[in-house]
Amino acid sequence: MTDHAPNEARVIPLRPGPAASGPPAPPAAAPREPLWRHLVGDVLRKERQAQERTLKDVADAARISMPYLSEVERGRKEASSEVLAAAAGALGLGLGDLLARTHAELVRVTSRRSAVPAGSVRNGSLHDGSVRNGAAHGGLCLAA
């Protein structure tokens with residue numbers, strides 16, 4: 001046997017980063033997609049509040065427990081289609097109405113998050129029409 005160092009990955013930079021003297025900056029975290037249960041809960045809560053109704057009133061009309069409806073509204077429970085239909089029905093909505101409103105909320109939230117300032121990079125293209133050398137990462141990553 002030979003005396004080799006443990007099998008660890010080596011990183012060989014292809015070109016120096018913008019700040020060659022210091023450690024590279026961590027990549028910016030991409031905005032996370034909202035969870036469907038959060039959006040559904042927001043829609044249910046907004047509709048209930050618009051009707052000036054209490055959790056207890058809606059839960060009783062939907063024949064579900066008040067704590068469970070509260071959890072659904074806060075996006076902590078992934079409710080079944082039967083529970084969603086019952087909650088929507090108690091609010092005078094059909095399941096299709098609830099899903100349509102939730103879809104509209106998803107489009108609103110994601111379009112706001114995907115707004116990119118001029119000159120910023122997305123998929124390797126600058127939003128001023130020019131193309132940066134390389135991908136959105138500005139380099140190449142090889143793994144073995």
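What follows is a short chat about this model.

A: This is a predicted model, where local features need pLDDT of at least 70 and side-chain atom pairs count only at pLDDT 80 or more, while totals for chains, interfaces and linings use all residues. Residues are numbered from 1 along each chain as its sequence is written, and side-chain values use heavy atoms, with hydrogens and water left out.

Q: What is the mean pLDDT of the chain?

A: The mean is 78, and 60% of the residues reach 70 or more; pLDDT is the predictor's confidence in each residue, from 0 to 100.

Q: Where is confidence lowest and where is it highest?

A: Strand β2 (residues 125-126) is lowest at a mean of 39, and helix α2 (residues 55-62) is highest at 98. Helices (H or I, at least four residues) and strands (E, at least two) are DSSP runs, numbered from the N terminus. Over residues 118-142 pLDDT stays under 50, and the model has 30 contacts for them beyond four places in sequence. Contact means heavy atoms within 4.5 Å.

Q: Switching to α4. Which of its residues are buried?

A: In α4 (residues 81-90) they are Val83, Leu84, Ala87, Ala88 and Ala90. Buried means under 20% relative accessible area, exposed over 50%, partly exposed in between (1.4 Å probe, protein chains only).

Q: Why do they count as being on the same side of α4?

A: Because they cover an arc of only 160° around the axis, the arc being that of the directions from the helix axis to the C-beta atoms.

Q: And just after α4?

A: Gly92 takes a positive phi of about 80° there. Leu93 lies in the loop between α4 and α5 and counts as buried, at 11% relative accessibility. Leu93 touches Glu47, Ala88 and Arg101, leaving aside residues up to four places away in sequence.

Q: How far apart are Leu93 and Glu47?

A: They are 46 residues apart in sequence and 9.4 Å apart in space, C-alpha to C-alpha.

Q: OK, Glu105: buried or exposed?

A: Glu105, in helix α5 (residues 95-113), counts as buried at 12% relative accessibility. A polar contact of 2.6 Å joins its side chain to that of Arg108; the term means a pair of N or O atoms within 3.5 Å, and within protein one must be able to donate a hydrogen and the other to accept it, with residues adjacent in sequence counting only if both atoms are side-chain atoms.

Q: What is the phi of Glu52?

A: Positive, about 55°, although Glu52 is not a glycine. Glu52 is exposed, with a relative accessible area of 74%.
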